[in-house]
Structures are given as structure tokens and as C-alpha cells.
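I opened this notebook to record, step by step, what I looked up in the structure shown below. The entries follow the order in which I went through the model.

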Amino acid sequence: MKSFDYAAPTSLAEASALLAHANGQARILAGGTDLLVQLREHLREADLVVDVKRIPELMELSFTPEQGLRLGASVPCYRIYEHAEVSAAYPALAEAARIVGGWQIQSRASVGGNLCNSSPAGDTIAPLIALGASCTVVGPEGTRQVAAEEFCVSPGKNVLRRGELLSTIVFPPPAKSGGSAYERFIPRNEMDIAVAAAGSWVELDPSGKTIKNARVAITAVAPTPRFAAEASQWLAGKPATEETFAQAGELAKKVASPITDMRGTQEFRVHLVGVLTKRTLAKAVERARG
Amino acid sequence: MSTDQVTSLTGVNTGGALGTSVPRREGAAKLCGEARFVDDLPRQNVWLGGTVRADVPHARLLAIRFDPCFDWSRVVVVTAADIPGENVVPVVLRDQPSLAESFVRYHGEPVALIAAADEETLQQALDRVDVDLSPLEPVFDIDEALAAKVPLFGPENVFRTITIRKGDAGETLQTADVVVEEVYETGAQEHVYLEPQGMQAEPTASGITVCGSMQCPYYIVEGVALLLGLAQEQVRVIACMTGGGFGGKEDFPTLIAGHAALLAWKARRPVRMIYDRVEDLRYTSKRHPARIRHRSGWSRAGRLLAMQIEIELDGGAYSTLSPLVLQRAAVHAAGPYQCDQIEINARAVATNHPPRGAFRGFGAPQVHFALETHMGSCAARLGLDPVELRRRNVIGPRGTLATGQNVGEDVAAAEVFERALVESGFLARRAAYDDSNRRALSAAGPERFKRRGIGLSLFMHGTGMNGDGEGLVRSEVLLRGNADGTVSAVTCQVEIGQGTQTILAQLAADGLGIPVEWVVAEKPDTAMARDSGPTVASRTAAIVGGLLISAGRQFREEVERRSGLCKADPDAFRSAIARLATEGPLESRAYYSRPPDMQWDEATHRGDGYLAYTWSCCVVALEVDTLTGEVKVLDVTAVQDVGKVVHPLFAAGQVEGGVAQALGWALMEETVWADGLLRNATMTDYVIPTACDVPPIRAVFLEHPHPRLPHGAKGLGELPAEGPAPAVANALRQALGIHFNRIPITPEIILPAWEDRQQ
């Protein structure tokens, strides 16, 4: 690993200034579970590493049923699944946070870091998209909001410009008859990178039999995590049945454009999108019904 | 993971510590991080060694170019031209050079070595070497290698051919009612020991000292002496605490020890070589991939009349241990069945893959996968219950194996089989799964897509080295009385996590008739210990442990004779040891010699292939998600007759670990090769089971002490890794109605096969 400068700012403005005026390549450090490995293996370079864990906003987790969840970008995964109300309000998010690496990783790694690493297979990203999260980005020119599905632009790349950092991820308040779920396929039971994954959110009408709104996201099957817009729109107004879920799975497959690699073939991954979409919808509906 | 029962049926009362789970000798040191592995040795004045490798699988080596812009005086460089002795890694056939001289035969073959004071300088130097290679056509496929258009080894690219004949299988097959022919294939497998390969060498006034991660100190004595042109007495080898081996530290350490020794010899200072995980995954040995063809002839009633078996192992670019792996494969290939007409033809084939080597089971897991999967197919063809088919053919007392070995009374194949059926509830569960699989067709929700199956395998594993191997090594152990009244057990068996230090202390204590705490298991050091043989072949507890018992009994007699004590209480006996040891050397040695009733003809492969056999039956129950092809193993039951359980906890640990390793081989561990290079050479991409993937494992031990061993304890280390793969294939046969003849059976294999079946 080549040597680099290190800074640990305590405010967003200071962090943004450091990032904007760095000589050479600046990298943001949250839990470090991706960055440190990448630096060691020369997959990313850094002249300056900016540790953002001392910025209060980035370590803040606040939730009320009325306001929803505000998740600081550096909050480690364990704080999500150990938070009973957050886990109940956003089960897809808790499910994903619980399978990012193992326990040791989850005590360091953050959802914000997972998003900013922008891996096509990032486990927490499908839930963010399905749950309709919005990302607060702070930079030299002020603050802007970016929808979760717009955040990643290509493998390892995202919308952050020079001097910008992700401060908070904002989740809408949980819907009354809402539910969500995340599932991935890996070749073993734990500690692996998704071959394909899906996250679904649904809101049911008062009868509990019809889907009022839905959002489906799929990951590890395209250069970036994908919002399955057509499937999501099509679901609105449909009966909450296995047939509906299966058809939504077929529609979700349309936005998958996976590659064949050592972890899985193109065909297998597309097939999995159908299965996982169907399964997460079924689980989300079950949860929505309470 | 849980082992809910350790059963002793006919527990031999040996008194003392034998058969009890005494504390692990090095356990506390490991828990506290105090155990010293090779990379924990002090770093002062130690240079680091690295390897320049060929980047094509087959080539003529034209030149090695050193960038003139680099200051080469900062480092030490070794090429084949610098080797003072013979450029060879001696294992069996001596075909592998330590450093490539005029040809390279696998991607990553070492071409030159560099040592430097620090990692940065080493890396800079390694980056400034160019190897000039003129590529030749490589061969990776067994059939292409056998066509011998690309010459790699001898006239036919065959390292060894073995033929075993009993009766005339060919003739019987012509008249059999039913003949079943199928081909089975198994993939390579990585050992994934926790500690990668590592060695340190240091020149001394009289020669050289090598220490590191290894299973076989005396292999390294031989290798380093040949390479440096020294007498074996000038080479001292000390095994450090070794972080796992599984066979991967049997043959390979001879190569890396030689490299560290060459660098240290030239640099005249200590040099350490430690592979990182990627280097280790790419360039060290793997389990031999195998292709095995069975032709078996049956009577309509399900009597096994004839077996014709062809075995081909992909040995990689150099022979290493392939000749012996092939031999174990051949001798085990016909399994624990009574069949009077057998023909086995086996070949180890040279290819341009990295050399394959020893791996837990040593050729036996491959042939057991083939045979036990084949038994399932044969039962289906004959329309018979596979349980009944095995009952009708299992070897019984005074039966003869493929080599003509008469197993006498020491055969528990039928007993482990029946016991496993009972312990696993096999028949009832099989019926229940048939029922639930039928009901799934009309079920709603996830159950609709679940299928379940239970399968088994019956197999055996020969204790110790092949044929007369043990007789040739003539292992020697020493017990030495110490001034404090303790007794040192001096061997060169290595603690690789299996509990050697503890077990050998237990066995010595048993022979001596003293508390286990009074025995010191000395660390393996060739300056202190004569050759007690390699730490391989499930031989440590059985063979070396047996010798320690004999040595212990002699030692006791000697002390009693010289001190006049008889049946003294332990404290008086200890005082006598202390007194005699201060007066002069108080020692007892024991040597292995072939039991007089054991016969083996290496030329014809007739006779006693092994000293003794451990018999086992493994049952696997599993559930398949037919939408994704995922397999969830529900539980595993392993019943084995090990003769005598020395340490119940370690014995159960061997079973649990072996089962987990074999489930990985059967279901997950795909090695992806491209142009002779392992492409998934990271722990991210080479998928092994985690704790979450290991099902409850029930280990049941039967104890029929073997008369050829003083304590009756047969080998256990390798056996548990041999049954699960075919049991998985047989369970999948029930779950899906599909015969899988090739492993690993990954979701991407299962899914299309299931979909094809639905059409």
C-alpha cells in the first residue's frame, strides 16, 4: 500500500473543503471495509484519505414513524438491525444490513459506504431503491438530493463530484399497510457476494388484497443497481397473488443485463431475478398484512 | 455444527488417558496467540524471498533478463545455474526441477528466486525480471494428454500405470444378466489450510537449518540435502506449529523449503518465504481431478459378478505423489464389496496444470464417489433397493478385496452399514421424503418447489502407507526419561491442528502406564528425532502411536528391572525414572516392522494393500430448492469402525471437519481454469462452506480393535472426507430423480438438469 495523507474533519464544510482542494486523489473513509482492502490490493489509489466518522451528521440515526428514517452515511450496519423500530419499519434494509459481510464487518461497514462504493452487487442498495430513499449530498456548491436509483452510474462510480460527500440517507415514513423484503442468491449461506438480488416494497389497499403501490429493485445483474420501473408501475392496482408476483418477476427481468463471470452465467442470473423478485414481493406482502 | 453423540460400543478398557478427551496440548497457546507459526519467528536479519514465475503453461525457457537499471547488488538472485547440488524436488520419480531450466510445464512454474531485506525492495526486484519464453502447445485434457502429441512425461504422458486383476472380469461381463456402464468425474479441490505455505532457512556452521509449515520433516531433509549437495546429516529441519495441512503440506513444502534454502545458502543469512493466499491458491497443489469408468456385471437378483474399472487422474505437470495417489485410488476402487472378478486399470496422466498432490483421502475420495454413485445407478437399473443391493454384496468375514487381501475377521462393513441405517432413520426418512416430494406437486407456496432426499455411501480407508510403504520407511520412535521424572516422546510427527501432540502423549502414557501429564511430546526436530515417518496417510495415531505404546511398555520394563520396582504406585515409578535418568541415558526405542502375516507384491498388486481398514457408512439428507438449484444439507450421519477411539473430541472433530470439506467438494468448490491458471484464486471467488453451511453432523464410532496394532486404533484422519460426496449424489437422485455423475454439483448444474427433466 502506498502512503497517503489522512484527515479527520469534524464538520461537513471542512470535509467538503478538504475533498475539493486535495492534491491528487482524495478518498472518503467511513468503515473502511472496502477502501482499505482496495488500497492494499491497488484497486483504488489515494493521496488523501478523509475519515468522515467524526462528523456528527454522518453518525446520526434518527427515526420517528411520522418523519421516517434519517440515516447518517457512516452509521454502521449493526445499528440498523439492532434498532427494533427501524427493523420493523424497513425490514428490507435490516435484512440487507444483516448480511453485509460478517459480524465484524457489520460493526464497521455503513450503508452510506456500501452505496458510495457503488458495486453493482452492493447488498444495501436494492433496499434503498425499493424503499424510495433519497440521498443528501453536500458539496462546495451546497446541498442536493439524489434519488437512490440515480446514485450509481457505473461499476465503482457514482454521482459524487469533486468536493462532494454523502451525508445522510433519508427514508420516507413507513406506509400503514406497507412491507418490504430483500433477498440475494449466493452459492453458500453467508459471507458472500450476491450472484443476483432483489428488494421489494409494497403498500396494500385497506382490504389487504390489492397492491396500491410497489417498488422493485434488482442488483448484481447490471452495471448498476436497477429500479424495475415497469414492474413497479404494473404492480399498482394488481391483486396481491402469486401470479402477480411471478408476472412482476418477468417484467423485472427486462431491466437485467448481467454478464457471465465466475460467479454465475447471464442466463442463471436473469432466471434468479424472476425468482427473487417473486419471493421478495410475496414476503413484502406478507409483512404488509402484518 | 454439533456432534451429539460419541458412541463406544466395545470400549476397550486401557485405563489412563486413552479414550478420554484430555486437554489439547497446544490449545491454550493457540487461544492466547502464543503459538509460533513460521511467520511469527523473530524478523531481525531475516531477508524475504520471492519467486519469479513463468506466465505461460508450456514453453521453452530462452533467457531470464534482469533490468540493468536496477541495482541488483541490493538483492540476492538464484536461478537454476546457482543450484549447488541436483536441481530436483525429490518426491517419487524425481522429474520436477526446483527451478525451471530449459522448459516450463505449468503456468507459474518457478524460474528464479530473489531475496531482499524488505518487502518493497523484493517487489521492485521481482518486477524487474523478464522471463523470455517461447510458448509451446499446452495440454490440459486427459484424452489429449494421452494422445501424446504434446510430450510432457515419458512416451505416453503417463506417470504410472497400475493394473489389478482378480479373476476374469471381461469374460464374466459377457455373460452377466445386466451390465451397467457409467463414467464419473470429480474436480480439483484446494486444501484451504488456514496458514499458507511458508518456510525459513538459515545457514549454520555445519550446514543449514530449515523451519516452517510442513507435515513431513524428513522429506525436506532429503530435498534440501540433494539440492544443496549436502549430506542429510547437515540438514536440520524443525517443524513450526503448522496451521493445517490436509496433505497440502506433504509434498509441496519440499519445493518451497528448497527455495528458501537456496536463497539462504547464497545470501549466507536467514531467508523467509511466505506465500500470500493468492500465490498459494494459484501455484500449490490441489486434489487430483479424476475420471473413472465403471462397467459392472450383475445377476438379476443383484449379485455383483464382475467389476471393470478404469481410473484416470490428472496429475498436472510433474509427478509429485501421483504414483502413490493412483495406487491408493486403484486399491480402493472396488470398495468394500465381495466380488470375485475384478479388473482395475489406472493411469496418472501428465498435463500442463500445476502439479497435483496429496489431499486428505489421497485418491480414495474420487474412487468412492464413482463406486458409491455407481451403486445407486445399478440399483435403479436392476429395479432393486440400493440398501438391499449393498446388503447382498458387502464384504464379510474372510472375504477378499480386489488385491486378494483376506480381511479375516476384521471387517465391519456390514455392521457400520446397518448401524448407519438405524442411527439416521434412513428407511423411514426415505419413505417420508418420497411422500413429501409427491405432495409437493400439488402444494402451494415455497413447499411446491422443495424436494428432499436421503442418500448413503459405504466405503473403507486403508490405514498407513500403501502396500509395503510402512515396512520400507521403518519408522522409529524414542522415549527418553527426563531428570524430573517425566518422559519425552520423540518423533517427527507434526501438529497440524489434528491434535498430534496430545494424542501421542496419550498413547505413550498408555504404554508407560503413567499419567498423560507426565509425558512431554517433543516438537519435531530432525536433530533430535529419527524418522518416524511422515504425518500423513491416517498413520500418526495408528502406526506411530502404536510404536509409542510398544516403546512405553519396554521403557516400563526397563525401569522396573533396573529399579527393582514392580507394579509400583505412579509416584514411586516417577521417582525411579528421575533417578535413573540422572545416572545416564534412559531410553527406549521402537521400530516398525511389517507384521509377519502381511504379504504384498508391488509388481502384481496382489496381497495386503494395507495393514488394516477403517470401515464407514455416511448418510446425507438434503433439500433442494428447484427454483434456484440450491441444496441445503439437512444433516449427516457418519458411522465408522476405527478400532479404538483415542481422543473422542478430536475423533469427532475429524469427522465434522472431513464431512464439511467433502460437502464443499461435492456442492461448491469449483476450480475455474483458463490456460492452466486457476482463475478463482481468491477466497472471495473460491467458495468453501462457512459455519452456516455445515449441517448437524452425527459421528458414531464403533470400536473393534485391530490385532495388528497394539492399541487396536486404525486410521481416521482421511476417512470422513470420503463418504459425503457420493451420499450427496445419491440423495439428489431421490430428491430430483436425476443421476449426477460429476462433482461439484452446483445450482447451475442442478437447475438446467431439473428443467430438462420437467419437459
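Before the first entry I note the cut-offs I used for exposure: a residue is buried under 20% relative accessible area, exposed over 50%, and partly exposed in between. I also note that this is a predicted model.

**Entry 1: a pair in chain B.** I looked up B:Arg94 and found a relative accessibility of 40%, so B:Arg94 counts as partly exposed. The side chain of B:Arg94 meets that of B:Glu222 in a salt bridge, with 2.7 Å from N to O. I then placed the two partners: B:Glu222 is in helix H5 (residues 217–228) of chain B, while B:Arg94 is in the loop between strand E3 (76–79) and strand E4 (103–104), and the pair links parts of the chain that are 128 residues apart. For B:Glu222 I read 25% relative accessibility, and therefore B:Glu222 is partly exposed as well.

**Entry 2: pairs in chain A.** A:Asp47 forms a salt bridge with A:Lys2, their closest N and O atoms being 3.2 Å apart. A:Asp47 lies in the loop between helix H2 (35–40) and strand E3 (48–51) of chain A, and A:Lys2 in the segment before strand E1 (5–7), so this pair ties together parts that are 45 residues apart in sequence. A:Asp47 is partly exposed at 27% relative accessibility, and A:Lys2 is partly exposed at 40%. I then turned to A:Arg188 and A:Asp192, which form a salt bridge with closest N and O atoms 3.5 Å apart; here both A:Arg188 and A:Asp192 are buried.

**Entry 3: where chain B touches chain A.** I found 21 residues of chain B and 19 residues of chain A in the contact. The two chains bury about 1700 Å² between them, 59% of it on carbon and sulfur atoms. I counted 2 salt bridges between chain B and chain A, one of which joins B:Asp685 to A:Arg263 with the closest N and O atoms 3.0 Å apart. On the side of chain B that touches chain A, the largest share, 4 residues, comes from helix H19 (residues 747–758) of chain B. That side divides into 10 nonpolar, 4 polar and 7 charged residues.

**Entry 4: two domains of chain B.** I next compared domain 3 (142–183 + 286–365) with domain 4 (412–462 + 611–758) of chain B, whose C-alpha centres lie 23 Å apart. Their contact takes 20 residues from domain 3 and 22 residues from domain 4. The area buried between these domains is about 1700 Å², of which carbon and sulfur atoms give 57%. B:Pro336, B:Arg360 and B:Pro365 supply 36% of the area that domain 3 buries against domain 4, more than any other three residues.

Entry 5: Is B:Ser424 buried or exposed? B:Ser424 is buried, because its relative accessible area is 5% and the cut-off is 20%. B:Ser424 is found in helix H11 (residues 413–424) of chain B, and its side chain reaches the backbone oxygen of B:Ala420 at 2.7 Å. Leaving aside neighbours within four places in sequence, I found B:Ser424 in contact with B:Arg429, B:Val619 and B:Thr637.

Notes
Residues numbered from 1 in each chain as written. Chains lettered and ligands numbered in written order. Predicted model: local features only at pLDDT ≥ 70, side-chain atom pairs only at ≥ 80, totals over all residues. Heavy atoms only, no water. Contact = heavy atoms within 4.5 Å. Buried area = accessible area lost by both parts, 1.4 Å probe. Salt bridge = Lys/Arg side-chain N within 4 Å of Asp/Glu carboxyl O. Helix = DSSP H or I, 4+ residues; strand = E, 2+ residues; numbered from the N terminus. Nonpolar A, V, L, I, M, F, W, Y, C, P; charged D, E, K, R; others polar. Domains from an automatic or database assignment. Buried < 20%, exposed > 50% of the residue type's maximum accessible area, 1.4 Å probe, protein only. Polar contact = N/O pair within 3.5 Å; in protein donor to acceptor, adjacent residues only side chain to side chain.
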